[in-house]
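Reader: I have a chain open on my screen and would like to walk through it with you. Could we start with the pocket lining and then move on to whatever else stands out?

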Amino acid sequence: MTALNRVPSLMVRAGTASALTIAAVGGSIVAPGFTSEAAAVTPATKALQIAASKKGSPYKYGATGPHRFDCSGLTLYSFKKAGKKLPRTAAQQYNKTRHISAKNRKAGDLVFFHSGSNVYHVGIYAGKNKLWHSPKSGDVVRLQKIWTKSVWYGRVK
């Protein structure tokens, strides 16, 4: 038995151990004020996970799930399941978010596609310049690279 393998039994006998010792043997530390990774999931992260779980669901104009979606129907559904309320259309959703710059975007933010001042499409930012969205008739919910610079970002309040 190596010294490293004996550390847990030594900790039990001694009754205490340093955080470094616990980490060295693959243990975990619970301390007041710290949350587990699962408890730290934000509504935006949860909405992103929900959208991703709908991969392959068919596009249907006006559909809000749970099996078919249009673009804003997917974002509405995902955020509702994550505990946040959004209006129905992409333009209404844009007006209800806190507008942020591309450099401040985070996974779980909404990506709004626009032509001039007209918002015509929305998806959920997934990081690495990609989004989850329900693109168009004949297509399915999928992860795709953002294909244009004509986008705005919004954070659900």
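Reader: How do the residues of the lining of the largest pocket divide into nonpolar, polar and charged?
Author: This is a predicted model, and in it the lining of the largest pocket divides into eight nonpolar, four polar and two charged residues.

Reader: And what volume does the largest pocket have?
Author: The volume of the largest pocket comes to about 250 Å³. Of the 14 residues that line the pocket, those closest to its centre are Tyr61, Asp70, Cys71, Ser72 and Tyr120.

Reader: Which elements give two or more residues to that lining?
Author: Helix H4 (71-81), helix H5 (90-96) and strand S3 (118-127) each give two or more residues to the lining of the largest pocket, and S3 gives the most, with three residues.

Reader: Let me step back to the fold for a moment. How many helices and strands are there in the chain?
Author: The chain has five helices and six strands, and from the N terminus on the order of its elements is α-α-α-α-α-β-β-β-β-β-β. Of its 157 residues, 35% count as buried. Among contacts between residues at least 6 apart in sequence, 50% join residues at least 24 apart.

Reader: Back to S3, then. Is His121 buried or exposed?
Author: His121, which has its place in strand S3, counts as buried because its relative accessible area is 6%, and the cut-off for buried is under 20%.

Reader: What does the side chain of His121 make a polar contact with?
Author: The side chain of His121 makes a polar contact with the side chain of His133, at 2.7 Å. Not counting residues up to four places away in sequence, His121 touches Cys71, Ala90, Val111, Phe112, Phe113, His133, Ser134, Pro135 and Trp147. As for Cys71, its C-alpha atom is separated from that of His121 by 6.4 Å, although the two are 50 residues apart along the chain.

Reader: Phe112 turned up in that list. Which residues touch the most other members of the largest nonpolar core?
Author: Phe112 is one of them: of the 22 residues in that core, Phe79, Leu86, Leu110, Phe112, Val122 and Ile124 touch the most other members. The elements that give two or more residues to this core are H3, H4, H5, strand S2 (110-115) and S3, with the largest share, five residues, coming from H4. There is also a second, separate core of eight residues, which includes Val111, Tyr125, Leu131 and Val151.

Reader: And what is Phe112 in contact with, leaving aside its neighbours within four places in sequence?
Author: With those neighbours left aside, the contacts of Phe112 include Ala90, Gln93, Tyr94, Val119, His121, Val122, Trp152 and Tyr153.

Reader: Now for a charged residue. Why does Asp109 count as buried?
Author: Asp109 counts as buried because its relative accessible area is 2%, where the cut-off is under 20%. Asp109 is found in the loop between strand S1 (97-100) and S2, and its side chain reaches the backbone nitrogen of Lys106 at 2.7 Å. Leaving aside neighbours within four places in sequence, Asp109 is in contact with Ile100, Asn104, Gly123, Ile124, Tyr125, Gly154 and Arg155. The C-alpha atoms of Asp109 and Ile124 are 5.8 Å apart in space, while the two residues are 15 apart in sequence.

Reader: Which value does phi of Lys128 have, and how about Asn129?
Author: Phi is near 55 degrees for Lys128 and near 60 degrees for Asn129, a positive value in a residue other than glycine in each case. Lys128 has its place in the loop between S3 and strand S4 (130-133), and Asn129 is found in the loop between S3 and S4 as well. Lys128 counts as exposed at 78% relative accessibility, whereas Asn129, at 26%, counts as partly exposed.

Technical notes. Residues numbered from 1 in each chain as written. Predicted model: local features only at pLDDT ≥ 70, side-chain atom pairs only at ≥ 80, totals over all residues. Heavy atoms only, no water. 1 Å grid on protein atoms, 1.4 Å probe; cavity = no way out; pocket = protein on both sides within 12 Å on 5 of 7 lines; lining within 4 Å. Points joined across faces, edges and corners; volume = space filled by probe spheres on them. Helix = DSSP H or I, 4+ residues; strand = E, 2+ residues; numbered from the N terminus. Nonpolar A, V, L, I, M, F, W, Y, C, P; charged D, E, K, R; others polar. Core = buried A, V, L, I, M, F, W, Y, C linked by side-chain atoms within 4.5 Å. Buried < 20%, exposed > 50% of the residue type's maximum accessible area, 1.4 Å probe, protein only. Contact = heavy atoms within 4.5 Å. Polar contact = N/O pair within 3.5 Å; in protein donor to acceptor, adjacent residues only side chain to side chain.
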